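Visitor: Hi! I'm new to this one, could you show it to me and walk me through it?
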Amino acid sequence: MSSSSAPPLRVCFVCLGNICRSPTAEGVLRSQLQRHGLSQRVQVESAGTADYHVGALPDHRARAAAAARGVQRNSRARQFVREDGQRLDYVLAMDRANLDALAASAPSAEARAKLRLFRSFDPAAPPGAEVPDPYYGGADGFEHVLDLCEAAAECFIAQLRSEHGW
Ligand code: 4NP
């Protein structure tokens with residue numbers, strides 16, 4: 001475990017419902033940070049742009065797929081509020097529609113500068129690459145979400161390490 005006097009970076013993943021993709025990304029990043037000994041450096045959370053599922057656990061399919069890879073998710077869904085942008089360092093959207101929704105509600109240029117597509121950290125992903133919504137599909141969609149999140153999270157951590165000299 002690393003220690004530092006600097007306050008931890010705050011990262012929030014954002015999808016639509018906060019029950020499939022963003023809690024998955026949250027769990028994956030948290031587990032990778034732990035493996036890298038960086039848990040104290042970064043705080044991870046997630047939210048949705050919509051309020052449909054506020055208070056709900058992650059979708060059972062997302063929990064099952066993540067648990068099979070050793071990632072536990074028991075967070076409750078919440079809706080992103082524009083004030084969140086002030087205390088966060090990175091707001092990482094899972095797709096373009098949610099990135100656009102976040103940008104439209106961002107109160108300032110400073111808040112907009114914190115917005116990125118999560119997969120933009122992955123140099124193997126094409127420009128504009130998204131984590132597709134698995135909600136209306138089958139179990140393979142949830143495996144795909146995990147694969148994409150694992151790849152992007154490793155690249156995100158590599159960027160943080162090089163940027164901050166960790
Ligand atoms: P998420 O997936 O944005 O990855 O949490 C969805 C969850 C719920 C709905 C759509 C997408 N929905 O329409 O209720």
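This is a predicted model: local features need pLDDT of at least 70, side-chain atom pairs count only at pLDDT 80 or more; totals for chains, interfaces and linings use all residues.

Visitor: What is the volume of the largest pocket?
Guide: The largest pocket has a volume of about 160 Å³.

Visitor: And which residues line the largest pocket?
Guide: Among them are Cys15, Asn18, Arg21, His53, Asp133 and Tyr136. By type, the lining divides into 7 nonpolar, 3 polar and 2 charged residues.

Visitor: Switching topic: where does Asp95 lie?
Guide: Asp95 is in the loop between strand S3 (90–93) and helix H4 (96–105).

Visitor: Is Asp95 buried or exposed?
Guide: Asp95 is buried, because its relative accessible area is 12%, and buried means under 20%.

Visitor: What does Asp95 touch?
Guide: Leaving out residues up to four places away in sequence, Asp95 touches Arg21, Leu117, Glu130 and Val131. With Arg21 there is a side-chain polar contact of 2.8 Å. At the start of H4, a side-chain oxygen of Asp95 also comes within 3.4 Å of the backbone nitrogen of Ala97.

Visitor: On to H4, then. Which residues are buried there?
Guide: Asn98, Leu99 and Leu102 are buried in H4. They cover an arc of only 105° around the axis, so they sit on the same side of H4.

Visitor: What covers the buried residues of H4?
Guide: The cover includes strand S1 (9–15), helix H1 (21–35), S3 and strand S4 (115–117).

Visitor: And which residues are exposed on the other side of H4?
Guide: Ala97 and Ala104 are exposed there.

Key
Residues are numbered from 1 along each chain as its sequence is written. Side-chain values use heavy atoms; hydrogens and water are left out. Helices (H or I, at least four residues) and strands (E, at least two) are DSSP runs, numbered from the N terminus. Buried means under 20% relative accessible area, exposed over 50%, partly exposed in between (1.4 Å probe, protein chains only). A polar contact is a pair of N or O atoms within 3.5 Å; within protein, one must be able to donate a hydrogen and the other to accept it, and residues adjacent in sequence count only if both atoms are side-chain atoms. Contact means heavy atoms within 4.5 Å. On a 1 Å grid over the protein atoms alone, a cavity is a set of points where a 1.4 Å probe fits but cannot get out, and a pocket is an open set with protein on both sides within 12 Å along at least five of seven lines; lining residues have an atom within 4 Å of a point. Grid points are joined across faces, edges and corners, and a volume is the space filled by probe spheres set on the points. Ala, Val, Leu, Ile, Met, Phe, Trp, Tyr, Cys and Pro count as nonpolar, Asp, Glu, Lys and Arg as charged, and the others, Gly among them, as polar. The arc is that of the directions from the helix axis to the C-beta atoms.
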